[in-house]
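Trainee: I have a model open and I'd like to learn how to read it. Could you walk me through some of the features?

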Amino acid sequence: MKKFILSAFLCLLVGLTGLPFGQGTAEAAETTQFIVGFDAEFPPYGYLDESGEYVGFDLSLAEEVCQRNGWELVKRPIAWDSKDKELDSGAISCIWNGFTMNGREDDYTWTTPYVDNSQVVIVKKDGDIHSLSDLAGKILAVQTDSSALAALTGEDATAENRKIEASLKELQQVGDYNSAFMNLESGMVDAIAMDYGVAAYQLSGKENVFTVLDERLSTEKYAVGFKPGNTELRDQVQISLLEMLYDGTFENIAKEWGLSDSICLSFDDTTYIDGGKVPEVDTSKLSKVTEETEEATKGAGAKVNKMSPVQVAKQLGSGMLATLAIFLLTLLFSLPLGLGLCAIRMSRFRVLQAIAKIYISIMRGTPLMLQLLVVFFAPYYAFHINTSYSYRFIAVILGFSLNYAAYFAEIYRSGFQSIPAGQREAAMIMGYSRGQTFLHILFPQMVKRVMPPVTNEVITLVKDTSLAFALAYTEMFTLAKQIAAAQASLMPLFIAGIFYYVFNFIVAYLMERIEKKLDYYR
């Protein structure tokens with residue numbers, strides 16, 4: 001029975017960390033992995049569909065490239081703010097997700113552009129905004145760190161766009177497109193700006209109350225971004241893309257996702273943006289895609305396929321398991337670690353006291369998200385150690401445990417110090433050793449006294465598990481945001497909120513039961 005439980009736990013842990021169960025490192029080394037980093041909340045280029053699979057125009061292109069090169073495609077959702085660190089550390093092979101070249105020309109090693117995109121403005125149909133000039137005195141919403149924001153405020157912003165930005169009452173930044181549309185629908189903002197392809201996808205899932213202005217804020221080009229200097233891999237991908245262009249596969253994939261009018265990949269681009277020469281493609285061995293294949297391509301484009309609340313809840317199930325794993329493992333390590341830290345903090349040695357004080361001060365005085373990033377990226381940036389993907393989960397548990405241990409240590413300390421000193425003295429008179437005094441007299445009373453604040457921390461931990469998104473670890477809230485982006489709806493977030501409430505209700509109930517069991521320590 002014990003072996004069965006241990007095996008089940010290992011299988012759960014393996015599934016959550018993404019480790020190939022039963023597969024040795026030698027077998028993994030035989031397969032060349034092409035790891036695509038992408039934002040899973042960016043349809044139609046990359047998103048989570050109703051079947052729970054990551055799909056999109058860019059991912060379809062990447063799949064075809066891998067098939068032609070005999071590579072294994074690994075689709076890796078990343079936190080967009082950490083994309084550069086993911087690429088620098090080798091966690092991903094490239095960034096392929098509607099990635100704008102404009103303004104980033106010198107930051108990456110680029111393929112030639114394959115999509116000609118534009119930034120558009122969306123307004124209410126019955127509103128008084130009919131052109132870009134009507135935005136004067138209005139509130140415009142854009143996504144943080146987006147091309148739309150760069151088009152208005154970036155170094156390469158045109159004089160016309162700078163004039164538009166200056167005329168606005170406010171340029172508001174939001175975290176995602178669902179929030180932008182909710183603000184527009186409620187009248188909190190007057191207009192929103194975004195990528196044309198994303199706008200088309202979002203509007204396919206909305207009621208017919210919004211419209212896109214004819215004028216464009218800017219045009220931009222999308223390409224695949226690699227780590228600076230990684231020209232060999234870039235050239236391999238470039239050759240495959242040009243082969244796909246020649247035989248018609250590229251066009252068919254663009255039709256499938258409704259982006260035929262946006263593609264700009266061309267044999268005329270013989271020089272990369274960094275000055276390198278684009279490899280020549282041997283077309284003698286290539287054959288055109290058959291007419292039957294072309295006719296089979298629907299070309300309807302990506303559209304929102306609405307899911308029922310039950311379907312959304314089922315998809316959130318895997319994220320709930322990840323959240324539960326973070327919660328349980330954090331408690332498993334942080335509770336005893338906090339006790340040891342408390343002992344050091346209360347030590348008679350001032351040097352040890354000072355070290356514990358500094359540690360606790362840092363852990364409680366800096367954001368948990370920052371600590372997670374430090375734990376995850378420190379091996380590479382501090383010691384130049386390349387970590388495996390499984391380390392992502394380890395870093396989450398390590399970061400959470402180190403953080404919560406600091407809080408538990410202070411809670412324990414307050415509990416010990418609230419016990420009258422006379423009890424220690426009485427124990428000594430009765431012949432108890434220090435260990436016996438701690439184990440039989442002090443510790444039980446401390447546990448009873450600290451249960452309320454510990455309960456608060458445990459409940460906070462349930463909600464803090466969502467911060468694992470900073471390391472692109474897909475727990476429940478991250479999964480809910482991905483589903484919300486794909487569904488163009490906030491409904492998945494509300495369902496996730498119900499999950500959190502039920503989870504916290506159960507936790508609070510169990511902690512209350514434990515507290516009542518300890519009533520005899522009054």
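Mentor: Let's go through the spaces, a sheet, a helix pair and some backbone angles.

Mentor: First, some ground rules: this is a predicted model, where local features need pLDDT of at least 70, side-chain atom pairs count only at pLDDT 80 or more, and totals for chains, interfaces and linings use all residues. Residues are numbered from 1 along each chain as its sequence is written, and side-chain values use heavy atoms, with hydrogens and water left out.

Trainee: How many cavities of 30 Å³ or more are there?

Mentor: On a 1 Å grid over the protein atoms alone, a cavity is a set of points where a 1.4 Å probe fits but cannot get out; a pocket is an open set with protein on both sides within 12 Å along at least five of seven lines; and lining residues have an atom within 4 Å of a point. Points are joined across faces, edges and corners, and a volume is the space filled by probe spheres set on them. Here the count is one cavity, and the largest cavity holds about 90 Å³.

Trainee: Which helix gives the most to the lining of the largest cavity?

Mentor: Helices (H or I, at least four residues) and strands (E, at least two) are DSSP runs, numbered from the N terminus. H18 gives the most, with three residues. Among the lining residues are Glu41, Gln143, Lys481 and Leu493.

Trainee: And which residues lie nearest the centre of the second largest pocket?

Mentor: Asp39, Ala79, Trp80, Asp81 and Gln143, out of 39 lining residues. That pocket has about 740 Å³ of space. Strand S2 (41-42) and helix H18 (476-487) are among the elements that each supply at least two residues of its lining.

Trainee: What is the order of the strands in the three-stranded sheet?

Mentor: Two strands pair if DSSP finds at least two bridges between them. This open sheet runs S2-S3-S4, with antiparallel pairing. S2 and strand S4 (54-55) are the edges, each pairing on one side only. Strand S3 (residues 46-48) joins S4 over two bridges, and Tyr47 has Val55 in S4 as its bridge partner.

Trainee: At what angle do H16 and H17 pack?

Mentor: Axes are lines fitted to C-alpha atoms, for helices over the stretch in contact, and angles run from 0 to 180 degrees between N-to-C directions. Helix H16 (residues 421-429) and helix H17 (residues 434-464) pack at about 160 degrees, with axes 10 Å apart. So H16 is roughly antiparallel to H17, a label for angles over 145 degrees.

Trainee: Which residues does the cis peptide bond join?

Mentor: Most residues other than glycine have a negative phi, and most peptide bonds are trans. Pro43 and Pro44 are joined by a cis bond, with omega about 5 degrees; Pro44 sits in the loop between S2 and S3. His384 has a positive phi, near 55 degrees, and is in the loop between H14 and helix H15 (391-417).

Note on methods
Angles under 35 degrees count as roughly parallel, over 145 as roughly antiparallel, 65 to 115 as roughly perpendicular and the rest as oblique.
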